[in-house]
Amino acid sequence: MMLKYLRSKEFATLYLVFLSLTTLVAWVNANPPKAEQFASVSLLGPSKTATQYFPNNSSQIKTGEVINWYIQVYNHMESAELFFLNIKIGNQSLTDTPNAPTNTPSAGFTILQSYQVVLNNDTWIVPLQWWVVNNTINGNSVVIGALQVNTSTAPAIGISAVFGKNFRIIIELWSYDVQLHEFLFSFRSGGVVYSLWNQQWFDLT
Amino acid sequence: MAGQVSPSRPALDALEALRAAEAAGANVVSMVSKYNSLLQQTGSDASFNSLQNDALTAQQNAVATQANDKITTAISVPIIALLLALVTASFLQLRRRLERERLMDMEIQKP
């Protein structure tokens with residue numbers, strides 16, 4: 001009786017329906033939907049929030065005044081990424097502004113480079129403590145001589161600003177592209193290169 | 001300039017092996033941690049080569065596991081469908097039998 005039922009059209013239909021359903025579930029499980037690939041770079045103050053970047057909340061700083069920041073990089077590229085933080089100092093010159101549409105980095109003077117592999121959906125926080133070690137005055141321009149960045153002293157050759165106004169720290173995010181075998185400013189997603197950067201202006205008084 | 005120097009060629013090769021292992025489904029958390037330690041210490045080429053070998057082994061293991069998983073899925077899909085069809089069929093037959101018995105009881109109780 002049972003064998004006869006197993007050969008019936010009703011059982012065949014039931015089996016086909018369940019076979020379709022289980023196949024569908026297995027396929028969805030094996031091919032999860034692709035999430036959007038992106039990364040982000042943020043500059044944070046000493047309390048790891050986007051506030052109080054400078055002592056006394058004033059971007060007019062003095063030589064020797066210590067600035068404490070954190071740079072936060074978030075990876076949502078769906079894979080572990082080798083990120084490269086290229087931190088530069090510049091003035092208001094246009095060439096010091098990175099050009100995201102053409103993926104052109106800033107022409108500013110590099111003061112710190114840092115590399116780290118960041119797992120997907122993970123965050124990398126880099127402490128950045130810096131101060132201007134010395135500066136010279138040339139006519140009406142203030143020229144930065146050297147910067148102390150974390151534990152090293154970095155020369156800032158030729159970075160000057162009229163009356164010391166509008167210097168800036170520029171933070172560029174780069175990543176290593178395993179298909180192109182080179183570092184990109186900043187990453188490739190869906191065949192398009194996106195450039196991420198951040199900056200903070202200050203005056204040297 | 002302060003900070004780290006650019007990663008060496010063996011370091012980049014090790015990274016590519018890590019990425020391949022991750023893409024194959026391997027757990028790369030501990031290898032990434034080791035990689036970052038080597039980057040901080042400007043590790044030797046030999047250390048990165050060793051890590052690259054570890055990543056290749058992890059990739060091979062992950063590929064083998066994935067192949068096994070695919071076979072298991074291919075076998076279990078028709079079996080699960082068959083079990084579900086049998087359970088549903090049994091339930092339908094039981095319902096029909098109960099319905100038949102109910103009708104017969106009603107026929108017997110008729111004056």
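Which residues in α1(B) meet which residues in α2(B)? From α1(B) come A11(B), A14(B), L15(B) and L18(B), and from α2(B) come M31(B), V32(B), Y35(B) and L39(B). Contact here means that the C-beta atoms of two residues, placed from the backbone, lie within 7 Å. Helices (H or I, at least four residues) and strands (E, at least two) are DSSP runs numbered from the N terminus.

A word on the ground rules. This is a predicted model, where local features need pLDDT of at least 70 and side-chain atom pairs count only at pLDDT 80 or more, while totals for chains, interfaces and linings use all residues. Residues are numbered from 1 along each chain as its sequence is written, and chains are lettered from A and ligands numbered from 1 in the order in which they are written.

**Helices of chain B**

(Ala, Val, Leu, Ile, Met, Phe, Trp, Tyr, Cys and Pro count as nonpolar, Asp, Glu, Lys and Arg as charged, and the others, Gly among them, as polar.) The axes of α1(B) and α2(B) come within 11 Å and cross at roughly 170°, which makes α1(B) roughly antiparallel to α2(B). Axes are lines fitted to C-alpha atoms, for helices over the stretch in contact, and angles run from 0 to 180 degrees between N-to-C directions; over 145 degrees counts as roughly antiparallel. The crossing of α1(B) past α2(B) is left-handed, meaning that the near helix is turned anticlockwise from the far one by less than a right angle.

Next along, α2(B) and α3(B) pack at about 170° with axes 11 Å apart, and are therefore roughly antiparallel to each other. On the α2(B) side, M31(B), K34(B), Y35(B) and L38(B) take part, meeting S47(B), F48(B), L51(B), D54(B), A55(B) and A58(B) in α3(B). This contact divides into seven nonpolar, one polar and two charged residues.

**Where the chains touch**

Chain B puts 29 residues in contact with 27 residues of chain A. On the chain B side, β1 (2-3), α1 (9-23), α2 (29-40) and α3 (45-109) each supply at least two residues. Which element gives the most? That's α3(B), with 11 residues. The chain B side divides into 20 nonpolar, six polar and three charged residues.

**Chain A: domains and strands**

Going by an automatic or database domain assignment, chain A has domain 1 (1-33) and domain 2 (38-204). Their centres, taken over C-alpha atoms, are 58 Å apart.

| Strand pair | Bridges | Partners |
|---|---|---|
| β6(A) (122-138) and β7(A) (141-149) | Eight | W131(A) and Q148(A) |
| β7(A) and β8(A) (152-155) | Four | V149(A) and S152(A) |
| β7(A) and β9(A) (160-162) | Three | V143(A) and S160(A) |

What about the turns? The hairpin of β6(A) and β7(A) has two residues between the strands, and G139(A) in the turn has a positive phi of about 65°. With two residues between β7(A) and β8(A), N150(A) takes a positive phi near 50°. The hairpin of β10(A) and β11(A) has four residues between the strands, with H181(A) at a positive phi near 60°.

Definitions and conventions:
Parallel < 35°, antiparallel > 145°, perpendicular 65-115°, else oblique. Pairing = 2+ DSSP bridges.
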